[in-house]
Amino acid sequence: MTLPLPRFNRQAGAALLAAAAMLGADRAAFAQDVARPSATAAAAPVKDDRALALLKRMSDTLAGARTLSFKVRGIVPTPAPNGQYVSLIASSRVVMQRPDKLFVEARGDLFPSDSYYDGKTVTVIGADRRFYSQREANGGAIETLMQAVQPGSDATAPFFDLLVADPYAFLTKDFTSAFWVGQSTVGGVLTEHLAFTAPGLDWEIWIGSADKLPRLMVVSYRTGERQPTFTVELSDWKLNAPVPPRTFSAAIPPGATKLEFKQMGPAK
């Protein structure tokens, strides 16, 4: 991908670490029962206990796993130099070991890189092995990394929301509406489709009916300060599988040039 992106999309920070985050009969019935809103109307507040219970079961499933690995593939609207949004494809392989280890292999159009967090240090190595960046992270759980996430970087790191100690508390802390849309099949998996709103934000998630794992997320911003929307699919989940310790250990390539973390971008 050779499109020259604006500077704020080329900065590494947490965005590079991240780039290294989801119509059947039931849904047809729902559409008949609810009036179609206008394009500019705000969502009416709804608190559907079924939706919250399903999200809580997903959260408990993720939080109860000592190790997690999965694949992410997303479509991220990104501003081109002329101001038009173009859709770039981001893909990642994510491996986590609680409470403080993370590996992200990011490929696709956005920031191809390998990122390592060993509980103390964040290391990002460009996919072409010519550049790297490294900084101390003051130790601690995955939440430590999230504190540095730049505005808008969640489009390339939606999985961060799922890796915290209590995803349910994190995802619902500002919600104003929640409801169950219906069941749908995503990647051959029967899922429960949930919809939520929060200030300036609409988001949806499809959760496996049997395994309680997230399969698809769609996030739409209403404020205009971030990407207008992004879609991410999650697959190939493995919970509590053994993970070799070397997975989280970065080996700096011989001859690689060290860049300031905030300045590191995709190789040209």
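## Overview

Buried residues make up 47% of the 268 residues in the protein, where buried means under 20% relative accessible area, exposed over 50% and partly exposed in between (1.4 Å probe, protein chains only). The model is predicted: local features need pLDDT of at least 70, side-chain atom pairs count only at pLDDT 80 or more, and totals for chains, interfaces and linings use all residues. Residues are numbered from 1 along each chain as its sequence is written, and side-chain values use heavy atoms, with hydrogens and water left out.

The secondary structure comprises 6 helices and 12 strands; helices (H or I, at least four residues) and strands (E, at least two) are DSSP runs, numbered from the N terminus. The protein exposes about 13200 Å², of which carbon and sulfur atoms supply 53%; these accessible areas come from the Shrake-Rupley method with a 1.4 Å probe, and for residues only the protein chains shown count as cover.

## Confidence

The average pLDDT (the predictor's confidence in each residue, from 0 to 100) is 79 for the protein, and 73% of the residues score at least 70. Confidence is highest in helix α3 (residues 49-63), with a mean of 98, and lowest in helix α2 (residues 25-33), with a mean of 33.

Two stretches call for caution. Over residues 1-40 pLDDT stays under 50, and the model has 107 contacts beyond four places in sequence for them; contact means heavy atoms within 4.5 Å. Over residues 148-153 pLDDT also stays under 50, with 12 contacts beyond four places in sequence. Where pLDDT is low, the predicted coordinates should not be read in detail.

## The sheet

An open sheet of mixed pairing is formed by 12 strands in the order β7-β8-β9-β10-β11-β1-β2-β3-β4-β5-β6-β12; two strands pair if DSSP finds at least two bridges between them. Its edge strands are β7 and β12 (257-258), each of which pairs on one side only. Strand β7 (residues 177-186) is largely enclosed by the rest of the structure, because 7 of its 10 residues are buried.

Strand β7 runs antiparallel to strand β8 (residues 189-198), and 9 bridges join the two. Val-186 stands opposite Val-189 in β8. The hairpin of β7 and β8 has 2 residues between the strands, and Gly-187 takes a positive phi near 60° there. Further along the sheet order, strand β5 (residues 121-126) and strand β6 (residues 131-136) run antiparallel and are joined by 5 bridges, with Ile-125 opposite Tyr-132 in β6.

Helix α3 lies across β1 (67-79), β7, β8, β9 (201-208), β10 (214-221) and β11 (229-239), and runs at about 110° to β8. For this angle, axes are lines fitted to C-alpha atoms, for helices over the stretch in contact, and angles run from 0 to 180 degrees between N-to-C directions.

The largest nonpolar core has 41 residues, and those with the most contacts inside it are Leu-55, Leu-102, Leu-163, Leu-194, Trp-203 and Ile-205. The largest share of this core, 6 residues, comes from α3. A nonpolar core is a set of buried Ala, Val, Leu, Ile, Met, Phe, Trp, Tyr and Cys residues joined through side-chain atoms within 4.5 Å. Leaving aside neighbours within four places in sequence, Leu-55 is in contact with Tyr-168, Leu-171, Thr-172, Leu-194, Phe-196, Trp-203, Ile-205 and Ile-207. A second, separate core of 8 residues includes Val-95, Phe-103, Val-243 and Phe-248.

## Individual residues and backbone geometry

Gly-108 is found in strand β3 (residues 101-108) and counts as partly exposed, at 41% relative accessibility. Not counting residues up to four places away in sequence, Gly-108 touches Ile-89 and Ser-91. The C-alpha atoms of Gly-108 and Arg-73 are separated by 8.8 Å, although these residues are 35 apart along the chain.

Most residues other than glycine have a negative phi, and most peptide bonds are trans. A cis peptide bond, with omega about 5°, joins Arg-98 and Pro-99; Pro-99 lies in the loop between β2 (85-97) and β3. Arg-129 has a positive phi near 65°. This residue is in the loop between β5 and β6 and is partly exposed, with a relative accessible area of 38%. Asp-236 also has a positive phi, near 55°; Asp-236 is found in strand β11 and is partly exposed, with a relative accessible area of 37%.
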